[in-house]
Amino acid sequence: MTTLTKTYEPLTETTAIELAIKLHFFENSTSINCKEIGDGNLNLVFHLTDENNKGVIIKQALPYAKVVGESWPLTLKRAQIESNSLKEAAKHVPSLVPTVYYTDEHLAITVMEDLSHLTISRKGLMNGEDYPLLSEHIGQFLAKTLFYTSDFGLNQQKKKLLQQQFANPELCKITEDLVFTDPFYDSETNNFERELLPVVSEIWNDSSLKLEVAKLKYSFLTNGEALLHGDLHTGSIFASNNETKVIDPEFAFFGPIGFDVGQFFANLIVNALSREPQKQGVLFDHINKTWDVFTTEFTKQWTLDSVEYFTKTEGYLSYVFQSILEDTIGYAGCELIRRTIGLAHVADLDNIPSIETRLKAKTKALQLGKCFILNRANIHSVEDFIQVSLQHVQQ
Ligand code: SR1
Ligand code: MG
């Protein structure tokens with residue numbers, strides 16, 4: 001198939017329609033409606049529909065980070081990483097990712113399935129939705145995508161080749177800075193209410209906390225266990241009461257399994273922090289169920305599909321789960337802190353209307369984040385993780 005041009009230029013609603021026609025997604029331009037709906041930090045997203053309500057999404061990477069502006073240049077290669085990651089995930093969990101119809105490396109474009117019948121789960125959860133199947137689906141997503149790209153489920157030579165395709169240095173650098181480094185010192189990128197300065201200063205001056213964050217960052221940098229989504233927060237998940245689709249894996253790379261799990265858990269916790277106490281339980285039920293489904297499925301795959309000789313060795317699987325849980329807790333702690341005081345916030349906390357309630361929720365997020373990072377080696381089950389979370393959230 002050909003495209004409009006091989007020279008990169010950002011699409012407009014008009015050129016997005018022209019492109020869709022050229023690619024034969026629609027017959028003619030008169031009846032096509034197109035709207036730029038991107039509300040994330042980085043990309044343009046066009047939603048196109050025709051008079052029969054047939055729809056398609058065209059996502060285009062911008063050569064800079066939209067959240068900051070043109071002063072922060074960003075590689076266009078991330079569009080290719082994203083579509084390759086969606087295609088890899090589709091091999092293992094086809095019903096949990098959008099179908100990719102077309103990609104163009106030069107234009108940094110991915111054309112994919114229209115998911116407009118679903119809602120971004122962060123928005124839905126903020127509106128009080130519970131999404132009863134969210135944890136079943138995300139548990140499956142995590143178990144399958146992570147196991148089958150790890151040295152347990154993928155031929156170890158093939159894994160090394162796949163790893164080359166997903167070297168993603170520029171996007172990893174964003175995470176290294178925004179999740180692991182900047183929130184832990186007085187960086188210009190940080191952004192928080194001045195009332196939080198006393199608790200933030202405690203974080204900046206806590207050398208035992210910094211040592212633990214250094215270890216977590218080092219593991220993120222070096223421990224290429226499996227192909228991660230890399231940005232698995234609730235804004236990267238579309239949901240309804242019976243469907244779930246994981247989107248936006250432009251941060252995909254080979255890293256520690258607990259990073260994906262921890263980001264998801266932390267984002268459920270920030271939502272719990274924004275709710276009244278009697279409506280928080282569902283978020284912790286989701287954490288419990290996600291871990292249960294993840295470990296149950298991972299165990300099945302370990303038993304049936306392992307390519308690693310030592311997976312039959314007694315005690316090995318429980319060692320692996322314990323180490324994933326410890327990482328999960330540490331990374332959840334870093335995510336809680338960075339979403340509260342770093343560059344990229346979450347609406348769950350920022351949209352709490354009363355300043356007093358908001359500051360209280362954010363202080364809890366920071367204290368809980370610290371607690372997770374410092375105590376992760378002493379929390380031995382998901383039940384204990386939830387117990388510790390509840391002690392902070394409901395205090
Ligand atoms: C400059 S990008 C800021 C954040 O948005 C993405 O979704 C990632 O979470 C990143 O850290
Ligand atoms: Mg994103």
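**View 1. Here is the shell around ligand 1, which divides into six nonpolar, two polar and three charged residues.** Keep in mind as you look around that this is a predicted model. Going through the neighbours by name, ligand 1 has Asn41, Leu42, Val67, Trp72, Leu178, Asp231, His233, Phe251, Arg338, Arg339 and Ala344 around it.

**View 2. Now we look at ligand 1 and the side chains of Asn41, Asp231 and Arg339.** Start with Asn41: an N or O atom in its side chain sits 2.7 Å from an oxygen atom of ligand 1. Asp231 gives us a distance of 2.7 Å as well, again between an oxygen atom of ligand 1 and an N or O atom of the side chain. For Arg339, the distance from a side-chain N or O atom to an oxygen atom of ligand 1 is 3.2 Å. How much of ligand 1 does the protein bury? On its own, ligand 1 would expose 320 Å², and the protein buries 95% of that.

View 3. Which of them gives the largest share? That would be α13, with four residues. Sorted by class, the lining of this pocket comes out as ten nonpolar, eight polar and seven charged residues.

**View 4. Here we zoom in on the largest cavity, which holds about 110 Å³ of space.** The model has two cavities of 30 Å³ or more, and this view takes the largest one. Its lining is made of 13 residues, and Ser85, Ala89, Phe141, Thr145 and His229 lie nearest the centre. At least two lining residues each come from α2 (78-92), α4 (134-147) and β9 (226-228). The largest share belongs to α2, which brings four residues. What classes do the lining residues fall into? Eight are nonpolar, four are polar and one is charged.

**View 5. The second largest cavity has a volume of about 50 Å³.** You can trace its lining residue by residue: Asn43, Lys59, Gln60, Ala61, Arg78, Ala79, Glu82, Ala108, Thr110 and Glu250. Strand β3 (55-61) and helix α2 are the elements that give two or more residues to this lining. By class, the lining of the second largest cavity splits into three nonpolar, three polar and four charged residues.

**View 6. Our last stop is Ala332, a residue of helix α11 (residues 316-341).** Is Ala332 buried or exposed? It counts as buried, because its relative accessibility is 0% and the cut-off for buried is under 20%. Ala377 is in this view too: along the sequence, Ala332 and Ala377 are 45 residues apart, while in space their C-alpha atoms are 13 Å apart.

Notes. Residues are numbered from 1 along each chain as its sequence is written. Chains are lettered from A and ligands numbered from 1 in the order in which they are written. This is a predicted model: local features need pLDDT of at least 70, side-chain atom pairs count only at pLDDT 80 or more; totals for chains, interfaces and linings use all residues. Side-chain values use heavy atoms; hydrogens and water are left out. A residue is near a molecule or strand if one of its heavy atoms lies within 4 Å of it. A polar contact is a pair of N or O atoms within 3.5 Å; within protein, one must be able to donate a hydrogen and the other to accept it, and residues adjacent in sequence count only if both atoms are side-chain atoms. Accessible areas come from the Shrake-Rupley method with a 1.4 Å probe; for residues, only the protein chains shown count as cover. Ala, Val, Leu, Ile, Met, Phe, Trp, Tyr, Cys and Pro count as nonpolar, Asp, Glu, Lys and Arg as charged, and the others, Gly among them, as polar. Buried means under 20% relative accessible area, exposed over 50%, partly exposed in between (1.4 Å probe, protein chains only). On a 1 Å grid over the protein atoms alone, a cavity is a set of points where a 1.4 Å probe fits but cannot get out, and a pocket is an open set with protein on both sides within 12 Å along at least five of seven lines; lining residues have an atom within 4 Å of a point. Grid points are joined across faces, edges and corners, and a volume is the space filled by probe spheres set on the points.
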